[in-house]
Amino acid sequence: MTTPLTWLYVPGDRPEVVAKALGSGADVVIVDLEDAVAPHRRAYALDATVELLAGPTGIPAAPPVHVRIGDERDLTSLAGLPGLSALRLPKITHASDIHRVAARAPDVPLYALLESASAVEHAYAVATAHPAVRGIALGEADLSADLGVRDDAGLDWSRGRVVVAARAAGLAPPVQSVFPDVRDLDGLAASCAHGRALGFLGRTAIHPRQLPVIERAYLPSPEELVIAEEILEAAAGDAGALALSDGRFVDAAIVAAARRTVSLAVRD
């Protein structure tokens, strides 16, 4: 299975936009019932999303569809729908939040969004709260407001904390939060490069034009791929440490990283 790198948010109260998103090339489409929808339209957004996901076979030709719930009352309508691939849970703070959702939506994969200082402090507890948890990520707009952060660099400690928590819990690396300026593609590329250096893998987007930039930023470069293939060739049949012809030392951890690089380069 291809590792998802692009996750596209679309407002649940605009079915025509959701339909376009399903053909946008995003690896995952996230139907948003929370921040992207005005409060007076959330009931309609939920009804439209249920209609989309309630078909007898779901939507097999489309990418996986996640739903970011507006509140836990949405679970009654969404749990069990055949087209639902996962739920994204905003404003998760404690492991008990996960337990409560998992009880109401059994067998549905869950992604927790950490959007406050308290949530970041409980990142590992949330990540390990239940087997249904498939990932954790930051909600950086709300987190910035909670922390009083004045520039982007002020979030780096929290970002590192979440990357470590996900790794320690055996989850996939977190996905970066959205880049809000859809016109600044150079800024997006630079921000993705920074996120990749911190240990993130992939990014949520709010416009299809952001998708190619995110994918390019997170795919291995040709140079990285050549190095990874060289390492794997040198390590073939040898489980121990070895030195390459140029003197670089390679051990099992570096070989494992090379395998991840080569695997990531294979896109369907």
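User: Which residue's backbone oxygen does the side chain of Arg-203 reach at 2.6 Å?

Analyst: In this predicted model, Arg-203 is found in strand 7, which covers residues 203-205. Among the residues that Arg-203 touches are Gln-176, Ser-177 and Val-178, and the backbone oxygen reached by its side chain at 2.6 Å belongs to Ser-177.

User: Which side chain does a polar contact of 2.9 Å join to that of Arg-203?

Analyst: The contacts of Arg-203 also include Leu-188, Ser-191 and Cys-192. The polar contact of 2.9 Å runs from the side chain of Arg-203 to that of Ser-191.

User: Why does Arg-203 have no salt bridge, and how far away is the nearest side chain of opposite charge?

Analyst: Arg-203 is buried, and the nearest side chain of opposite charge is that of Glu-140.

User: How far apart are the end C-alpha atoms of helix 12, and what span should its 14 residues have?

Analyst: Helix 12 runs over residues 252-265, and at 1.5 Å a residue its 14 residues should span 20 Å. The distance between its end C-alpha atoms agrees with that expectation, being 20 Å.

User: Which helices and which strand do the buried residues of helix 12 pack against?

Analyst: Val-255, Ala-258 and Leu-264 are buried in helix 12. The packing partners of the buried residues in this helix are helix 10 (211-218), helix 11 (222-235) and strand 9 (249-250).

Terms used. Residues numbered from 1 in each chain as written. Predicted model: local features only at pLDDT ≥ 70, side-chain atom pairs only at ≥ 80, totals over all residues. Heavy atoms only, no water. Helix = DSSP H or I, 4+ residues; strand = E, 2+ residues; numbered from the N terminus. Expected span 1.5 Å × (residues − 1). Buried < 20%, exposed > 50% of the residue type's maximum accessible area, 1.4 Å probe, protein only. Contact = heavy atoms within 4.5 Å. Lys, Arg positive; Asp, Glu negative; His and termini not counted. Salt bridge = Lys/Arg side-chain N within 4 Å of Asp/Glu carboxyl O. Polar contact = N/O pair within 3.5 Å; in protein donor to acceptor, adjacent residues only side chain to side chain. Lists of a residue's contacts leave out its neighbours within four places in sequence.
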